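Please keep the sequence and the model at hand while reading.

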Amino acid sequence: MLTALLRSLRTGVVTIRYPEEPAQVPERFRGAPRIRTSSAFDALAPASVCPSGAIAGGGGQPRYSIDLARCLCCGRCAEASAGGSIEICRDIELATRSRKSLIIEVERGLDGHAFVLPPPPPGPEVADRIRRTLGRSLHLRHLDSGSCNACDWELTALLNPVYDVRRLGVDFVASPRHADGVLVTGPVTRNLEVAVRRTYEAVPEPRVVIAVGACASSGGIVGRSYASSGGVAEILPVDVFIPGCPPRPEAIIYGILLAVGRVRDGSPA
Amino acid sequence: MADPIAVLDDVRARLAGQGGFERGPRQGDLTIRLHRTEGLPAAAVQLCAAGMALATVAATDDETTDDRDVKVRYVFEPAKGAGALPDVFVTLMLSLDPKRPELPSITPQVPAASWHEREANDLFGIVFVGHPDPKPLVVHDGWPKGLHPLRKRFDASFRPPVEPAEEFPHLVVDGEGVFEVPVGPIHAGIIEPGHFRFSTVGESVLYLEPRLFYTHRGLEKRIEGLSVDDAFYVAERMCGVCSLSHGLGFCEASEQVAELEVPRRARVLRTLALELERVYNHVGDIGNILAGASYHYGTSAGLRMKEALQQLNEHLTGHRFLRGFVAPGGVNLDLTAELARSIETAMAATSEALASLMERIENNPTVTDRLDATGLLPLQDAIALGVTGIAARASGVDRDARRDHPHAAYASESGLDVSVATDFNSDVHARVRVRATEVYESLRLIRVMLESMPAGPIRTAMPGVLPAWRIGLASIESPRGAAIHWLRSDEAGRIDRYHLRSASYANWPAVPIAAQSAIVPDFPLVNKSFELCYSCTDR
C-alpha cells in the first residue's frame, strides 16, 4: 500500500490539459485530407483511390467531393494527387453537428483551379434544450452498434489517467436509464438494430446521440449491405458526428464538448 | 523439430485410396480431394490420430466456374509434440452439389469444427448432416430461410427486413432453484456486444450459453471482388486491437498468391510491429483483468502502460492501432534512428512498470485470491476445442504460430527463436502470468530486432492483378493467439474469397467451460482473462 502510494507520488500528474491546451499530434500522424488552395482541379486524386468510397466526382465531371465522415485517414488520396493538391492535415477537431459540413465540395473553376465551396452553416444548436436540462456535464452510455472495437478502446482510453475525461464532468454510466445520451460506435449491424433502438428509447429525454468514428458517422469501410445499415443516422437522430478511423481520444473529447455547446464548431466557446 | 515430410508421409499412408493427393496451398503443404463425402469424418479422425488439429474451414461457391460446385476445405495443422511443430497444413477438400450442398458433420469427432460448420450452413447453405447443434450462428432474428449471403448469386445490397427478436434457441436448464440470468448484448461497461445466458443456482453458474455475431458486418462479402490494395483496408479493419496482425496476415496470404518476395528490412519491421501490438495488448489486458478483480490501482497502471505504448505506435506509424504501417509488398514507413531510440526508451519503461505491477499482484493476497483457481480451462477441453494463444498456453498447450509456422523475420533472422511460455494451472492467474512472461519475451525480440536491423528497401511493388485462382494461407500469432488467413484470387486477379479465423473465434467456445467453475460475479474476471474480440469473431 505504502509503496503504491510512494510510486504514485513519484509519478506525479500524467493527465493532459486538453482542451485548455492544444492536443499534441506526432509528426507521422495522418489526419483528414484537405484541398490545397490554388490546386489544379485535374490534379485531384481519382475517386477510385479511396478504399471507403469517400471521394466522388472528378474524371471529366466539373464537381468533386470528399466526405470526411467516410474517410479512413489512410492518406492514399494525398499520395495519388499530382503536385500535392490534396494534403493530409493534422487538425483533429473535426467533429460537427451537421453531416453535410463534413463533405468538402469542390468545383472546377473557369481557370481550371479547384474551387472549394464554403461549408454550409453549422446546424442549429442541438443543445439549447439539452443544455438547459443537462448543463455542462454529460453522463453517457456507450452503445456498440457493430464497431471493430478500435473506437471502443479509444472510449476506454478516455478513462485512463492520461485523458481522464471525468475531470471535464463527463462520465460513462452502466445503464441507458442513467444516461443523458449515447456514444455510438459502429455502422449499426442488422443483428444490433433492435438493441440500438431499444437502448436509445431507454435513455430519458432530452437525449444526445454522438456518432463516434467513420462507421457510425457514415458506414465507413463497412458501407451499407445485408449486414449493415450504413451509419447511425439511418436509425437514430444524430446530434454530433466525430470522423476518424478511429478518432483520437482528444477528437472524441472535442465531439462530446461540442454536444453540450462547450466548444463551437471550429473553436472553443 | 519433427520432420514435415515424415508427417505428410504418415498422412498419405493413413488416407491412402480415399482421395487424390496434391501439393498446396503453400509449398510443402498437402491437399487431399476426398472421393466420397461419406469418408470425411473417418479422414478427420485419421488426421487427429496423426497429431493434427483443425485450423480452419473455408467454403467457396464455385457454381459459376467450370467446376460448377460448392467446395468445403477442412484445413488441419500439427498440434501435438514438444518444441517446434512441423510447419505444414493438410487440407481435406470436398466438392458438393451446388443445388443441394450436403456432407456429414465432423463435429461429433472434432468438436472444434462446430462453429465453422454452423457458419458455413448460414452463409453458404451447406447442410452438415449429424451436427449435434445445427442452429443458426451468424444470422439472427428473422433472417429469411434459404438465403445465404456468401453464395455468389446473393446480392450484398439486399436488406431483408429486421423482425422483432424472438427468444433465441438455447439449452434450458430445469430444476428447483435454477434461474436464468440474461446479460447483453449491450453491456454495462465499454465492451463489445454479445449475449450471455447464465443458468444459475444461487451464485454458481451451472451452464452458460453465449450468443455472438451481433457485430457481423458482412466483411467477407464486402471484400469479394476488390483488388488486393483495396481489400487490405477492409482486412485491417476486421478488428481494432488486432489491426496489425490481421493486416499482416492478409498481406502474407496475398503475397503467397502473387509469389512476391518481401524485402528483408520490411520483414523485420513487420515483425517488430507485430511484437509491439502484442506488448500493448498484453499490458492493457492485464490491467483489464485486474478491473475484474476490483484491483483498480492495477487497472490504472495497465491502462497507463498501454496508453504510453499506443502513443509510441502513433509516433512510429501515425496510428495508435498501427494501421497503415503494413502494406501489401512490405511496409509504408521506415524506422529512423530517433524512432528506434524512442522504442528502446518505451520498452525499458514498460519492463520496469510491468515488473513492479506483477510484484504488487503476486504479493497481494486479496488479488491472487480472486485469480487463483478461477475460470479453469482443463487441458483436454483446450485441445478438443482447438483453443489457441494465451488461453491454450495457460492450460499447458505448447503452441505458438510464431514458432510453429515461422514467417516474416521469425523465419529468416537469427536470435528470433520464440521461447513459448506455458503454464499448467489453467486458471485466470495462469493467464495473467503467461501474458507477463510473453511481454518480457517480446521485449527481448524487439531488442534483438533493433540491434540487428538489416538495411535495404522496405517495399516491393505488389502487382495490381493477382494470378488467377491461387490460394494463400497464413497463420499469424496475434495477441490473442493464432489467426488463420485463407485467401483465393478470382479469374480477374481480384479477391474471390477471404476467410479469417481469428484467435477469438477459436477461443470463444472455451469461455462457457471456464465459466462453469465460476460464480456469476466472477464471470467478468473469467471473460477478461481470455480478453477475446467480438468483432474479428463476427466479421
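The model is predicted: local features need pLDDT of at least 70, side-chain atom pairs count only at pLDDT 80 or more, and totals for chains, interfaces and linings use all residues. Residues are numbered from 1 along each chain as its sequence is written, while chains are lettered from A and ligands numbered from 1 in the order in which they are written.

Between the two chains, 47 residues of chain A are in contact with 49 residues of chain B; contact requires that the C-beta atoms of two residues, placed from the backbone, lie within 7 Å. On the side of chain B that touches chain A, helices H4 (219-223), H5 (228-236), H8 (296-317) and H9 (337-362) of chain B each supply at least two residues. Helices (H or I, at least four residues) and strands (E, at least two) are DSSP runs numbered from the N terminus. H8(B) gives the largest share of this side, eight residues.

The domain assignment of chain B gives domain 1 (4-129) and domain 2 (219-456 + 477-538), with bounds from an automatic or database assignment. Their C-alpha centres lie 27 Å apart. The contact takes 17 residues from domain 1 of chain B and 18 residues from domain 2 of chain B. E3(B) provides the largest share of the domain 1 side, six residues.

The two sides divide by class as follows; Ala, Val, Leu, Ile, Met, Phe, Trp, Tyr, Cys and Pro count as nonpolar, Asp, Glu, Lys and Arg as charged, and the others, Gly among them, as polar.

| Domain 1 of chain B, touching domain 2 of chain B | twelve residues | three residues | two residues |

B:Leu385 is placed in the loop between helix H11 (379-384) and helix H12 (389-393) of chain B. B:Leu385 counts as buried because it has 24 C-beta neighbours inside 10 Å; the cut-offs are 20 or more other C-beta atoms within 10 Å for buried, 12 or fewer for exposed, and partly exposed in between, with C-beta atoms placed from the backbone. Leaving aside neighbours within four places in sequence, B:Leu385 is in contact with B:Pro111, B:Ala112, B:Pro509 and B:Ala510.

In chain B, three strands form an open antiparallel sheet in the order E8-E9-E10; strands pair if DSSP finds at least two bridges between them. Seven bridges join E9(B) (195-201) to E10(B), and B:Arg197 stands opposite B:Glu209 in E10(B).
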